[in-house]
Amino acid sequence: MSNAEADFGPGLVVQHTGQVFPLTQEPLTIGRAADNVMILDDPQVAERQAVISWQEEAQVYTIEDLGSEGGTFVNDVRLAEPQILRQGDVIRVGDTLLTVQLQPAAEVPAAEPAAPVEEEAPASRSWTPILVGVGIGLAVVAVLACALAALSLLTGGGDGGGDLLIRIESPSDGSQVAVGSEIVLQATASGVEDITVIELYVDNVIVATATSADPKGASSLTVSKPWRFTEAGRHKIAAEARTAGGRSSRTVAVEVEAVSGPVPPSPTPTPAPAQPTATQGPAPTATPTPEPGAPPPPQIEYFRASPPSIDAGGCTTLQWGAVRNADGATIEPGIGGVGTPGSTQVCPQETTTYILTATGPGGSAQASTVVTVLGGLPDLVIDSITYEPATPVVGEDTLVRITIRNIGGGAAGAFNWEWHAGPDSQKDRLRGLAAGDSIVVSFDWQPSQAAESLDTVAIADVDGEVDESDKNNNTLTVNIQVVEPEAKPETVTIRSDGGLDGYVVNDGSVNTTERIIVGNGSIITPTGELVARGFLSFDLSAIPQGAVIQSASLRFYQEKVEGNPYGKLGSFVIEHVAYGDALTADAFIAPTIASMTPSQQPSEGAVYDLSDSLIASWVQTALDMGRFQLRLRFTSETDGDGAEDWIAITPGGSFVGSTHAPQLTVTYIP
């Protein structure tokens, strides 16, 4: 452990990670934005949450909320104005707790194998000054007091949760693993009877949780997680536990190094006994012992800008600490090779990210810091346009999201934005956008027309109200397809046309005013036995051209049966024909397009109700002609006996509303 780690000055300690941010005489800004000194990966924290400042005259640190929506709290009291910070204050921003450390943290003995106890050990290790020359009895007492004090530290005694133990069982501290190979992360909590949860973290991100089945807790709880590291370098594995009584363990952590290529063999480590974590202040990070033949990667102590934000035209100082395990270091952009530790002044004209790269036998390492240039010009851009669903449908709601960002160095005042897609458009106004901030605007769009390829365009500051550093990047175009809605089936019922319904006799006579006669009758000269054929006609104009016929049914009423036509004239058949816009004698012999023999209904008053895919195909064929026409007859139309053998069908010319008129019901997709 370095001297800086063992005895740091004033600082903020992140409670859930133990990470320390030093407090200097320069302002320390806190927030999610990359230009803060203390960047918190907490979604509940504002981009610019708070600032801690050194007051030279009063020789104190003060904290001030920067207008965040969720507020900044000190000891659970929300700040209304700047407040002086004192030793041990707890700052809450979002879901993150920070402890104010104004005095050096007490150094914690490292958990190492005990050295042989020498005769003088009690005097040299005691935390209470021992007078030289005290008798042997007092020396024994001092030894016991030191042992009890050490035990209290190891078990966390005094805070009500000192006996909550955490052991990281896998991997071992300082071990190496191959990038991409699977290992098992495992930690166990024990030592008390009411452990309810244990959490496992990788690089400060929670990856696994185990919870006791009993809400009152358990005496032991283990969490494990298969894991693969995808990036080479050092990684921190940590574990924390909580009890039903509200106690929380200290964070226990180990470090491993993920390396590319095969991992050199290492001796089997001897498991150390589980010890509770009871450090006061941030626990130092263990440095893995390099395996033979594998030099350690470089380590950068720190890299920062002081101050991190400057006014346009101003300058700041880049500062960096010692770099270990390296034989060279560079800073970009624009600086090049540097010695370590060191500092240099930079005067960027715009917000700039500086990257310190250290290289050595064990590889390379990087650290970065952002210098934010304030008071510069804004620069508005459209980051993205998204659609949900991705393929919009004509007439149906589509959620449009547009992300507008200010990538410039200054705040943008109020401006209008606009979006358009063919004949459709949307326009609205924003009250402004701070430097580095972004906003998502959304609205529902119902496309008015289909398009195989449609350019949709979003424009920030469409009316040119904002003085920007770049006016040529305010527009984004996204090409999409807009489709017609999926057609829904429609059904129509059509009555036959009374003016075209009727019957034609083989003597050339035509009748469209009476019942439709089908069969034969008396014998006359020179015709011979009279034969009548019936006809039905349906107007298809109610069905749009190009429609796809899904189904069709035909219904007509047999109101009379004379003689014995079903017994003497064979089968009753229905033929698909086309006889045009008038029923003439020619219809008697019109060519047959297709025919079918329905189930015979010889009874008077019977209804022919036919639902058949064949009829649907006939209607599909007739759609282009505009009429669906049928011929009705028997297969053996003459029997030579001169007797009346016929059936009568109710025509479409029957009185309005008659349920007996012929009907054609068609279901189609437009």
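Predicted model: local features only at pLDDT ≥ 70, side-chain atom pairs only at ≥ 80, totals over all residues.
The chain has 670 residues, of which buried residues make up 41%. Its secondary structure comprises five helices and 47 strands. Among contacts between residues at least 6 apart in sequence, 65% join residues at least 24 apart. The accessible surface of the protein chain comes to about 34,000 Å², and carbon and sulfur atoms account for 50% of that surface.

A positive phi also occurs at Asn-325, a residue other than glycine, where the angle is near 60°. Asn-325 lies in the loop between strand E23 (323-324) and strand E24 (328-332). With a relative accessibility of 32%, Asn-325 counts as partly exposed.

Cis peptide bonds were also identified. The bond from Ser-170 to Pro-171 is cis, with omega near 0°. Pro-171 is located in the loop between strand E12 (165-170) and strand E13 (176-178). A cis peptide bond likewise joins Thr-525 and Pro-526, with an omega of about 0°. Here the proline, Pro-526, has its place in the loop between strand E39 (516-524) and strand E40 (528-539).

The count of disulfides in the model comes to one. The disulfide is formed by Cys-315 and Cys-347, whose sulfur atoms are 1.8 Å apart. This pair links distant parts of the chain, the two cysteines being 32 residues apart. Cys-315 is in the loop between strand E21 (309-311) and strand E22 (316-320), whereas Cys-347 is in the loop between strand E26 (342-346) and strand E27 (352-360). The torsion about the S-S bond of Cys-315 and Cys-347 is about 100°, and the disulfide is therefore right-handed. Cys-315 has a relative accessibility of 33% and so counts as partly exposed. Cys-347, at 35% relative accessibility, also counts as partly exposed.

Ala-208 is found in strand E15 (residues 205-211). This alanine is buried, because its relative accessible area is 11% and buried means under 20%. The C-alpha atoms of Ala-208 and Lys-225 are 6.4 Å apart in space, while the two residues are 17 residues apart in sequence. When neighbours within four places in sequence are left aside, Ala-208 is in contact with Ile-198, Glu-199 and Leu-200, as well as with Val-223, Ser-224 and Lys-225.

Thr-475 is placed in strand E35 (residues 475-482). The relative accessible area of Thr-475 is 47%, so this threonine is partly exposed. Thr-475 and Ile-382 are 93 residues apart in sequence, yet their C-alpha atoms are 6.2 Å apart in space. Apart from residues up to four places away in sequence, Thr-475 touches Val-457, Ala-458 and Ile-459.

The second largest pocket was examined in terms of its volume and lining. Its volume is about 390 Å³. The lining of the second largest pocket consists of 22 residues. Of these, Asp-35, Arg-48, Ala-435, Gly-436 and Asp-437 lie nearest the centre of the pocket. Strand E28 (363-374) and strand E30 (398-406) each supply at least two residues of the lining. E28 gives the most, with three residues. By class, the lining of this pocket has eight nonpolar, eight polar and six charged residues.

Methods: Residues numbered from 1 in each chain as written. Heavy atoms only, no water. 1 Å grid on protein atoms, 1.4 Å probe; cavity = no way out; pocket = protein on both sides within 12 Å on 5 of 7 lines; lining within 4 Å. Points joined across faces, edges and corners; volume = space filled by probe spheres on them. Helix = DSSP H or I, 4+ residues; strand = E, 2+ residues; numbered from the N terminus. Nonpolar A, V, L, I, M, F, W, Y, C, P; charged D, E, K, R; others polar. Buried < 20%, exposed > 50% of the residue type's maximum accessible area, 1.4 Å probe, protein only. Contact = heavy atoms within 4.5 Å. Areas by Shrake-Rupley, 256 points an atom, 1.4 Å probe, with all protein chains shown as cover. Disulfide = S-S within 2.5 Å.
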